[in-house]
Structure formats: structure tokens, C-alpha cells
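Please keep the sequence and the three-dimensional view at hand while reading.

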Amino acid sequence: MEIVKAKDVVYEYIRRDEEGNIEGILKAVDGVSLDIRQGQFIAILGHNGSGKSTLAKHMNAILYPTEGTVWVDGKDTKDEEELWNIRQTAGMVFQNPDNQIIGQVVEEDVGFGPENMGVPTKEIWERVEESLKVLGMYKYRKHSPNKLSGGQKQRVSIAGVLAMHPKCIILDEPTAMLDPNGRKDVIRAVRALNDVEKITIILITHYMEETIYADKVFVMDDGKIAMQGTPREIFSQVDALKSLRLDVPQVTLLAYELKKRGVDLPDGILTIEELVKELSKCH
Ligand code: ADP
Ligand code: MG
């Protein structure tokens, strides 16, 4: 079964004046259908304002479609009785770790989610320990979150979601505010959640490099899905990506430019290792 399914989803933001009269309507999501299967690693790309966050908020019932339907683990997100079930199945991590961490101590913070769900105390502590270990943050369990780096804070936020035992985690530009090392650590942790814990990952990002390990990439433009495919299929289309105002990974671009200048290379090279291997075949 699909863990997240969207059918013909439209979402309109309605702008009103002081008296409440409608001033304008903005279609932020415009006819999106997609199927995400349990265990997949999905990346969603798109320039600013293309509708990524609005779509993501439909995946754990923060927003409901104006038209169309979203199902999470088979449950219609409009079904109010399923709200907590849906929020527990599909956890969300946002851009700014400072807005997500509320505990004074790391381990307390991670325990809040399961505590709110009514998990028995003994099990809460087991989940906190397990989640912090998975995210490589166990040794900081007694620390104050304020003293951690951005990347460490973000891993604590992810641990907090993980402690709710979700089937799916949606991350909306989780690395946008981090330095390169923090970004790497967070992406490594997210990949491990997918590989080892088999959690479905939906990663929204504008860093192309972070998407090359995805099973599938969706590219959004103007509220619509403009491209979809494997990373290799997507990054083979350098000109199409440029026309959607997106960059391609540096190494892919380098390979593309070399190919244009006559070097015999395949399309859609994603890593330096691949490029080196292909170049060593050339003479
Ligand atoms: P992205 O995450 O890809 O940058 P968003 O989903 O945030 O895109 O935004 C899509 C469009 O909806 C943009 O034009 C944005 O200005 C608009 N928008 C986003 N949030 C709101 C809001 N709360 N009220 C009105 N318009 C919004
Ligand atoms: Mg956004």
C-alpha cells in the first residue's frame, strides 16, 4: 500500500482584507497526484515558492486540500478522527531547529512526543535512548539543546519524531540553516533511517547533492509536478532543470560540460567516483 497518496490535489491560499472580503486567491498546489510507497526515499525539489512546503503540510494533515484527496497510510487526511493517527504515522521536521526544540535537556525534548501520545513512562525512556542512539546524539542526552550546533539540534528534532515510531518522516528543508558539516550529518542520519530502520523519507531540499540517493525525485514548479524520475533520469536533463531555475550537482554539470566538448561520457553522472571511473575509460 502507498504510505502517502495524493490525487488531483489543489490548495488555494485565500487573501482577505480587514473586513474579510476576498482580495485574491493563490493556487499554491495545482493538480498534484503522487504515490509514495512504504520504505521509499523520496526527494522533492523546486525553486522558492513552487509549492513544496504547502504540499508537504498536506502529508501530515497540517493543511487539507481545497480540491482532491490525500491519504496517509490509507487514511483520508480530512477525516478528523484520524488526525492523531496520521500525525503519528507521518512525522514532520522543519527548517529551523530552534523552533522545534522545546525541552531544557535533550532527552526530555525527545520524550515529549511519545509522552503526548500516552506512551507508558518506561517505554518512553527506551524510545528516547533508542532514537538518540540512531541519530548519534546519545552522548548529548543530558546536554542543554541551546549549546548544540545547528546540525546536532536538527538531529535532536529528528530523534523526537523518531521516538513516535512513525512510518514516514517528512523533512522540509532540514539542512537549509546548517553549515556543510551539519548538512552532511543530517543527510547521513536520514539515509540511515531509511536504509536501516526502513522508514519512508520525504526530503524537501534545494541542495541537489542531497537527492542523489533518493529512489525517486519529484521536481515542482508553479504548484505542479514538472518532472519525476530517478535521480539519474532527472539529472540527465540539465537544460530542463535550468529552465526550472534549478542547479544540477556540480559533478553532473562538469560531466555535462565535458560531454558537450566531446568527451565520451554517459548522461546523469551523480558522483565524483562515477566521473573518475568514466574518465579513466576515455583515452
Ligand atoms: P516552497 O516551499 O516551494 O517555497 P510554498 O509552499 O511555501 O513554496 O509557497 C507556495 C506559494 O504559496 C508561494 O507563492 C507562497 O508565496 C504562497 N504561500 C505560502 N504560504 C502562504 C500563506 N500562509 N499565505 C499565503 N500565501 C502563501
Ligand atoms: Mg518551503
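The model is a predicted one.

The shell around ligand 1 consists of Tyr13, Leu26, Ala28, His47, Asn48, Gly49, Ser50, Gly51, Lys52, Ser53 and Thr54. By residue class, this shell divides into three nonpolar, seven polar and one charged. Strand 2 and helix 1, which spans residues 52–58, each contribute at least two residues to the shell. Helix 1 gives the most, with three residues.

| Residue | Part of the residue | Distance to an oxygen atom of ligand 1 |
|---|---|---|
| Ser50 | backbone N or O atom | 3.2 Å |
| Gly51 | backbone N or O atom | 3.1 Å |
| Ser53 | side-chain N or O atom | 2.9 Å |

Taken on its own, ligand 1 has 550 Å² of accessible area, of which the protein covers 57%.

**Strand pairing**

Strands of a sheet pair through backbone hydrogen bonds, and the pairing may be parallel or antiparallel. In this model, four strands make up an open sheet with the order 2-1-4-5, and their pairing is antiparallel. Its edges are strand 2 (22–37) and strand 5 (75–76), each of which pairs on one side only.

Strand 3 (residues 41–45) and strand 9 run parallel and are joined by four bridges, with Ala43 opposite Val217 of strand 9. Strand 9 also pairs with strand 10 (residues 224–229), here in the antiparallel sense and over five bridges. Val219 stands opposite Met227 of strand 10. The hairpin of strand 9 and strand 10 has two residues between the strands, and Asp222 in this hairpin adopts a positive phi near 50°.

Is Thr200 buried or exposed? Thr200 belongs to strand 8 (residues 200–204). This residue counts as buried because its relative accessibility is 0%, which lies under the 20% limit for that class. Apart from residues up to four places away in sequence, Thr200 touches Ile3, Ile36, Arg37, Gln38, Gly39, Gln40, Lys167, Cys168, Ile169 and Asn194. With Gly39 there is also a polar contact: a polar atom of the Thr200 side chain lies 2.8 Å from the backbone nitrogen of Gly39.

Lys57 has its place in helix 1, the helix that gives three residues to the shell around ligand 1. With a relative accessible area of 26%, Lys57 is partly exposed. The contacts of Lys57, leaving aside neighbours within four places in sequence, are Ile62, Leu63 and Met92. Although Met92 is 35 residues apart from Lys57 along the chain, the C-alpha atoms of the two are separated by 8.4 Å.

Definitions and conventions. Residues numbered from 1 in each chain as written. Chains lettered and ligands numbered in written order. Predicted model: local features only at pLDDT ≥ 70, side-chain atom pairs only at ≥ 80, totals over all residues. Heavy atoms only, no water. Buried < 20%, exposed > 50% of the residue type's maximum accessible area, 1.4 Å probe, protein only. Polar contact = N/O pair within 3.5 Å; in protein donor to acceptor, adjacent residues only side chain to side chain. Contact = heavy atoms within 4.5 Å. Pairing = 2+ DSSP bridges. Near = heavy atom within 4 Å. Areas by Shrake-Rupley, 256 points an atom, 1.4 Å probe, with all protein chains shown as cover. Nonpolar A, V, L, I, M, F, W, Y, C, P; charged D, E, K, R; others polar.
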